[in-house]
Amino acid sequence: LFMGVEYLGIACGLLMLGSLWLNKAAGYRRAAASLISVMLILTVVSLLVIDPWLDHVKLVDGAGSGQFIWAHTLASVVYGVLCLLALVLVVRSGKWTLTEA
């Protein structure tokens, strides 16, 4: 499930960056592209680094080990940061569009 959500997030992020490229408002494009780029980087790191590490630790040490708990906490923090950045993007998008269009 998480892998599917991450692939969907990457696809949507790339589509959003592509649509920003066509947008005429340079200020909005710069601010939104920065947020989306950070979100894409975090999603790719989660997909390619954190998730495989989490799976490995769970398989080798078990779900109750300290290393698994630490890895799961890191994955949760990254997910929380992604959610906050998405919220900022949604809330600010109306202001960026109105003031800089």
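**Figure 1. How the chain touches itself across the sequence.** Of the contacts (heavy atoms within 4.5 Å) with a separation of 6 or more, 58% join residues 24 or more positions apart. This is a predicted model, where local features need pLDDT of at least 70, side-chain atom pairs count only at pLDDT 80 or more, and totals for chains, interfaces and linings use all residues. Numbering starts from 1 along each chain as its sequence is written, and side-chain values use heavy atoms, with hydrogens and water left out.

Figure 2. From the N terminus the elements go α-α-α, giving three helices and zero strands. Helices here are DSSP runs of H or I with at least four residues, strands are E runs of at least two, and both are numbered from the N terminus.

**Figure 3. Inside the largest nonpolar core.** This core has 19 residues, and L20, I36, L54 and L89 have the most contacts inside it. Helix 1 (2-22), helix 2 (26-61) and helix 3 (66-100) each give two or more residues, with the largest share, ten residues, coming from helix 2. A nonpolar core is a set of buried Ala, Val, Leu, Ile, Met, Phe, Trp, Tyr and Cys residues joined through side-chain atoms within 4.5 Å; buried means under 20% relative accessible area, exposed over 50%, and partly exposed in between (1.4 Å probe, protein chains only).

**Figure 4. Zooming in on L54.** Setting aside neighbours within four places in sequence, L54 is in contact with F68, A71, H72 and A75.

**Figure 5. I41 out on the surface.** I41 sits in helix 2 and counts as exposed because its relative accessibility is 55%.
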